[in-house]
Amino acid sequence: MTSQDPPLDEVAPSSGSAGPGEALGPAPVRTLVMDLQPGTGPHKCRLLVVAGPDAGRSLVTDKERLTVGAHPENDLVLVEDRTASRHHFEIQFTGRGPLLVDLGSTNGTFLDGRRVERAYLSPASQVRAGSSVITFSPVTEDAGLSPEQDSKLCGMVGQSTKMRQIFGLIQRIAPMNVSVIIQGETGTGKELVARAIHELSERSKGPMVVLDCGAIPPNLIESELFGHEKGAFTGAVSGRPGAFERAHGGTIFLDELGELRLDLQPKLLRVLENREVRRVGGNDVIGVDCRVIAATNRDLLKEVASGNFREDLYFRLSVIHIPLPPLRQRRDDIPLILKRALAEPEVVERHGRKHFSSEAMGLLMAYAWPGNVRELMNVLSHVLTFSDGEELLPAHLPARVRGQAREGPLPFNEHLAFKDAKEQLLENFEREYITSVLGRCEGNLSRAARESGLHRKSIERLVKKYQLDAKGMKPR
């Protein structure tokens, strides 16, 4: 033991986190020992604020002792977080590894969801101070890759600094077998990131099961997650394994986790903690072994604060938190994404070799892209449908990308009550949108679902609602 090490009786195992049915009030102070793997105790480390008002702030240092808090004298200063104490916690590099020490903070210091006074950190640990969530990772070598290697990863491309950082993070955490939450706006590529983590992990030979929590009817979500036995409910003519069983030995990807009903969240937490499921209508307990990756377009910490998402479930899942930037924050990647898409063999075979003119590319770079990469791919599909020559011109782009305003006012009836006028306007939009997408996709429902970001069942519902002839649709 070195002179820096605390006495052994000051650092003891944690008594555990709150169970699924326990209240989440002020947690008792716990001390937690995290076992370090051999060779993971270098003094150089990286702290990255992944959630909270200071998200994105980071620090790489080789100091023997570093402090975090709201006061400017700290090594990592939480400038915007008003709930962080002036001197919230410190990290000491000891002979036994990096030691997290709470500095008498007002709201406490939480390590991987558990309140602690002193605890050893492990790679990928997450520390919560106030409203800020900070990841800790030792720096054992230069994680930077050459631009040629780092501009693409598992089907994703990006030359911007933000995407290079995402690629590096994916490569580092993929082998760790820890839970991950991917947060980003719709269309930013959350499923692609999840697939990359799976492909680069030791579970790559196992299945990857995708479950969209927002697209499944509320009365079926429990069955989809955990499976059901024959006769468990009307229509259950045979037993069926749920997503966790099907993902055994591999990875389960829970898309749109923020849409999961509050009453199902304790059940999900029990599965994560006990690694076993019980099918709906069944009594047998079935062991499951799968890595959990979740995605959401919501700020789950805000959902926790508002009571819409369980805090213990959030911290159980968010061992690693990956925030994906919207396309408007990485515009430099637009030319690279389009170049790669235009070089795809099936695109070249169907449309020939094409490239965007400088004027068209300028418009694409200037557009805000509220639908992110998914919208960019939809626009490319539109352009390829309506262009004949090798060069793609501004005239081939949709009016919104060219910056042209919609002709005429929105077609609502001001003589109706507000609610009725709003409903009529929404129906007009739905009909126009789904007709346009299906026409571009030549009536192919699966392709329309991919391009719109809607579930195929949602497309089918809209087609039926507006009595559209999908099979007879052609590009307009």
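The dialogue below takes up one serine, then a cavity, then the cysteines.

Q: Before we start, what kind of model is this?
A: It is a predicted model, so please read each value as computed from predicted coordinates.

Q: Where does Ser160 lie?
A: Look for the loop between strand 13 (156-157) and helix 2 (161-173); Ser160 lies there.

Q: Is Ser160 buried or exposed?
A: The general idea is to compare the relative accessible area with a cut-off: under 20% means buried. Ser160 has 9%, so this residue counts as buried.

Q: Which residues does Ser160 touch, leaving out those up to four places away in sequence?
A: Ser160 touches Arg330 and Asp333. With Asp333 there is also a polar contact between the two side chains, at 2.8 Å.

Q: Which residues line the largest cavity?
A: The lining consists of Ala51, Gln183, Asp299, Leu300, Leu301, Tyr314 and His321. Sorted by class, that lining has four nonpolar residues, two polar and one charged.

Q: How many disulfides are there?
A: A disulfide needs two cysteine sulfur atoms within 2.5 Å, and the count here is zero.

Q: How accessible are Cys154 and Cys290?
A: Cys154 is partly exposed at 29% relative accessibility, whereas Cys290 is buried at 10%.

Note on methods
Residues are numbered from 1 along each chain as its sequence is written. This is a predicted model: local features need pLDDT of at least 70, side-chain atom pairs count only at pLDDT 80 or more; totals for chains, interfaces and linings use all residues. Side-chain values use heavy atoms; hydrogens and water are left out. Helices (H or I, at least four residues) and strands (E, at least two) are DSSP runs, numbered from the N terminus. Buried means under 20% relative accessible area, exposed over 50%, partly exposed in between (1.4 Å probe, protein chains only). A polar contact is a pair of N or O atoms within 3.5 Å; within protein, one must be able to donate a hydrogen and the other to accept it, and residues adjacent in sequence count only if both atoms are side-chain atoms. Contact means heavy atoms within 4.5 Å. On a 1 Å grid over the protein atoms alone, a cavity is a set of points where a 1.4 Å probe fits but cannot get out, and a pocket is an open set with protein on both sides within 12 Å along at least five of seven lines; lining residues have an atom within 4 Å of a point. Ala, Val, Leu, Ile, Met, Phe, Trp, Tyr, Cys and Pro count as nonpolar, Asp, Glu, Lys and Arg as charged, and the others, Gly among them, as polar.
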